[in-house]
Amino acid sequence: CGVLTQGMGGNTGSANIGSWTNMQNYADQESAKVVKTSLAGGGVLCCKKGCQECPTGTYSSTDRAISASTCIDCPANTISAAGASSVGACECKAGFGGSEWSDCQMCPAGTYKETKGFSTCTSCPAGTYSSSPGAASAAACLACPADSDSLEGSSAVEACSCNIGFGGPDGGPCTACAKGFYKDTAGAGQCISCLADHWNPSEGAGSVDECRECPLRTSAPAGSESITDCLCPAGYDGAGGA
């Protein structure tokens with residue numbers, strides 16, 4: 001504490017807490033927030049009271065403020081560190097993207113933003129999706145069902161399409177094409193049978209080229225899975241495709 005004598009300074013108002021200067025025992029003659037008590041003879045005993053920071057999510061541009069009421073809430077979807085002194089310190093929250101405090105928008109489904117600040121939301125990677133707007137973590141991006149894939153930034157499980165060689169609806173489940181069948185495009189749909197007089201021994205075939213032609217003068221029904229399905233036609237003798 002120090003004593004502020006008459007004629008060496010003054011307070012900024014009639015309140016018992018104010019900003020005072022020229023206090024004794026303050027070598028740098030700082031302006032301090034003090035509590036005053038009148039002394040006999042007209043002097044004032046001044047005890048320094050530490051300044052309090054405005055809390056997180058608020059700011060105050062008022063100099064020598066004496067009330068927490070000067071701490072103003074940051075704009076919607078923004079946040080500041082404690083002790084912020086201007087609205088420019090209010091940054092977009094995690095889960096919200098934008099280039100300035102007045103333009104913070106919730107990240108749309110299929111994207112996320114893990115930190116506060118002025119930046120755009122990040123798209124979920126290919127092979128994942130997120131149906132949650134305002135996501136603040138990459139953990140919101142969920143893996144597509146087995147044997148399906150999606151584009152970057154997908155916002156629903158239905159964006160996960162069955163891979164080549166797998167049949168089923170968008171969003172799954174996707175099942176490998178059976179022997180004797182193939183599917184050469186990604187997306188919803190059923191596997192296609194190999195043509196008659198062809199056979200395919202492999203599951204999950206992704207091309208018609210995997211349907212092999214039966215031996216000369218033998219035939220097989222569509223969807224055949226083994227060379228033994230290739231048989232000699234009537235009027236011909238032999239072991240067929242055996």
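C174 sits in the loop that runs between strand 17 (166–167) and strand 18 (175–176) of this predicted model. With a relative accessibility of 10%, C174 counts as buried, because the limit for that class is under 20%. Apart from neighbours within four places in sequence, C174 is in contact with A146, D147, S148, C162, F166, G167 and P169. Q190 is 16 residues from C174 along the chain, and the C-alpha atoms of the two are separated by 9.6 Å.

The chain as a whole gives the setting for this residue. Its secondary structure comes to zero helices and 22 strands. Of its 242 residues, 30% count as buried. Among the contacts with a separation of 6 or more, 30% are between residues 24 or more positions apart. The chain exposes about 13,300 Å², and carbon and sulfur atoms supply 52% of that area.

The mean pLDDT of the chain is 83, and 77% of the residues reach 70 or more. Over residues 1–48, however, the pLDDT is below 50, although this stretch has 91 contacts in the model beyond near neighbours in sequence. Where pLDDT is low, the predicted coordinates should not be read in detail.

The structure holds 10 disulfides, and three of them may be followed in turn. One is formed by C74 and C90, with their sulfur atoms 2.0 Å apart. The torsion about this S-S bond is about -70°, so the disulfide of C74 and C90 is left-handed. The pair links distant parts of the chain, 16 residues apart: C74 is in the loop between strand 6 (72–73) and strand 7 (78–79), and C90 is in the loop between strand 7 and strand 8 (91–92). C74 is buried at a relative accessible area of 11%, and C90 is buried at 0%.

A further disulfide is formed by C92 and C104, whose sulfur atoms are 2.0 Å apart. Its torsion is about -85°, so this disulfide is left-handed. C92 belongs to strand 8, while C104 belongs to the loop between strand 9 (96–97) and strand 10 (105–106), so the pair ties together parts 12 residues apart in sequence. C92 has a relative accessible area of 0% and is buried; C104, at 4%, is buried.

C144 and C160 are likewise joined by a disulfide, S to S 2.0 Å. With a torsion of about -70°, the bond between C144 and C160 is left-handed. C144 is in the loop between strand 14 (142–143) and strand 15, and C160 is in the loop between strand 15 and strand 16, so parts 16 residues apart in sequence are tied together. Both C144 and C160 are buried.

The loop between strand 15 (148–149) and strand 16 (161–162) also contains S154. S154 counts as buried, at 7% relative accessibility. Its side chain reaches the backbone oxygen of L151 at 2.7 Å. Beyond four places in sequence, S154 is in contact with G110, T128, Y129, S130 and A159.

W199 and C230 are 31 residues apart in sequence, and their C-alpha atoms are 8.0 Å apart in space. C232, by comparison, counts as partly exposed, at 26% relative accessibility.

Methods. Residues numbered from 1 in each chain as written. Predicted model: local features only at pLDDT ≥ 70, side-chain atom pairs only at ≥ 80, totals over all residues. Heavy atoms only, no water. Helix = DSSP H or I, 4+ residues; strand = E, 2+ residues; numbered from the N terminus. Buried < 20%, exposed > 50% of the residue type's maximum accessible area, 1.4 Å probe, protein only. Polar contact = N/O pair within 3.5 Å; in protein donor to acceptor, adjacent residues only side chain to side chain. Contact = heavy atoms within 4.5 Å. Areas by Shrake-Rupley, 256 points an atom, 1.4 Å probe, with all protein chains shown as cover. pLDDT = per-residue confidence, 0-100. Disulfide = S-S within 2.5 Å.
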